Amino acid sequence: MTRLLDRLTRPLIDENPVTLQILGICSALAVTTTLATALTMSLALTVVICLSATLISLIRNHIPQSVRLIIQITIISALVIVMDGLLRAFAYEMSQRLSVFVGLIVTNCLVMGRAEAFAMRHPPGASFADALGNGLGYSLILIVVGTLREGLGLGTILAVPLAPMLGLEGFTPIALMQRAPAAFFILGLLIWALRAWRPTQVETPEFRVTGHEEDA
Amino acid sequence: MIDVFLTAMIGENLALSFFLGMCTFLAVSQRVETAAGLGLALIVVQVITVPANNLIHTYLLSEGAWAWAGMPELDLTHLRLIAFIGVIAAMVQILEMGLDRFAPWLYRALGIFLPLITVNCAILGASLFMVERRYTFAESVVYGLGTGIGWALAIVTFAAIRERLRYSLIPAGLQGLGSAFLITGLMSLGLSAAAGLGAP
């Protein structure tokens, strides 16, 4: 039980898929202009990754090694098509705002990556816990970035104006926050903050600059 | 036509303003040579798959495409994702075999990057954008070329910047991924400024 719990909680901070494993970054940046789109995308991705990991793990012993990628992609894209259909049916406006990015869950390396790296070798229960943990870790980043971009860029959270609530009447929204570059900056700074907090995640530099010993 | 090309290449650069293909963009940009190889592979695949998917979408999947067979109500658009990813995977595979046979030097130069491209979301993303914006066949060829060149330019520039940064002193927490994001952000900022200048 503790191992399952560990599988579930580790990807949240310590092995976060976005900030450490470099998985699923495209959508993490693209859908975070507002918190609402970030939440919808998180939900869609978490559902798809949980179901796909469980399904792939269930049939893992029957998948021939040579065609495993095609089988994984087929399962994932079938799930994404269902998810896309559901969004269109019940939240049409949201599906228009997310544009092609729901469809792009198919090639989201997070879903493929966890299927290939974990679900192919572990029983369904563990795979489900791992997928849920990774889905939540991804969601966590999306929510943080989405909140920052919407709050600073539009001055709202979930379309509710912030200024009257916080008593910041003169606050002018920073238009740049809604543009593409801001997403990169926020994620970069977020990674910096995270690594300052957890120094074990710091990457070792390829080279070390060591003064001018040869001059002496 | 030129509009479609320039917009695809600069104004709506897939890597820097739509964040497509980011995983590969960040992972395979340590050296300029490999980045150039990957960029080249992406251009080739993009020019083939976007028009191919355009044909498939128009003649097989869109509503009423099967009218000639007596099935005018048949609408297969929901099969789009599976069809497109299948086409991309098949194209990459065929391209790999063809290059191996007829242009071994290019095959060796591209190496591992060719198969990796299957899961690069820039390819699928371009095909999906092509459908969403209702490009004609000719426009889709130009769009494929434009997005491919744009993406290749972005990754080669990024790799060149990273090569230079290797000798600089970066704060520990920003080492690697963190600084990569900040650089990409600055590149994206520069690009949107350039796009703003050329905007009609």
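Mentor: Two residues are in contact when heavy atoms lie within 4.5 Å. The model is predicted, so local features need pLDDT of at least 70 and side-chain atom pairs pLDDT 80 or more, while totals for chains, interfaces and linings use all residues. Residues are numbered from 1 along each chain as its sequence is written, chains are lettered from A in the order in which they are written, and side-chain values use heavy atoms, with hydrogens and water left out.

Trainee: What percentage of the contacts in chain B between residues at least 6 apart in sequence join residues at least 24 apart?

Mentor: In chain B, 75% of those contacts join residues at least 24 apart. Helices (H or I, at least four residues) and strands (E, at least two) are DSSP runs, numbered from the N terminus. By that rule chain B has 10 helices and zero strands. Its C-alpha trace spans about 70 × 45 × 30 Å along the principal axes.

Trainee: How is burial read, and what share of the residues of chain B count as buried?

Mentor: With a 1.4 Å probe and protein chains only, buried means under 20% relative accessible area, exposed over 50%, and partly exposed in between. Of the 200 residues of chain B, 49% count as buried.

Trainee: What is the area buried between chain A and chain B?

Mentor: The size of an interface is often given as the accessible area lost when the parts come together. Buried area is that loss, taken with a 1.4 Å probe and summed over both parts. Between chain A and chain B the value is about 3,600 Å², with carbon and sulfur atoms giving 80%. Cys26(A), Thr107(A) and Phe184(A) supply 18% of the area that chain A buries against chain B, more than any other three residues.

Trainee: Which elements of chain A give two or more residues to the side that touches chain B?

Mentor: They are α2 (25-30), α4 (68-90), α6 (109-119) and α9 (180-197) of chain A. Of these, α9(A) gives the most, with 11 residues. In total, 44 residues of chain A are in contact with 43 residues of chain B.

Trainee: How many salt bridges does the rule find across the interface?

Mentor: A salt bridge needs a side-chain nitrogen of Lys or Arg within 4 Å of a carboxyl oxygen of Asp or Glu. Across the interface of chain A and chain B the rule finds zero.

Trainee: Is Gly151(A) buried or exposed?

Mentor: Gly151(A) is buried, because its relative accessible area is 10%. This residue is found in helix α7 (residues 124-153) of chain A. Not counting residues up to four places away in sequence, Gly151(A) touches Thr156(A), Ile157(A), Leu162(A) and Phe171(A).

How values were computed: Buried area = accessible area lost by both parts, 1.4 Å probe.
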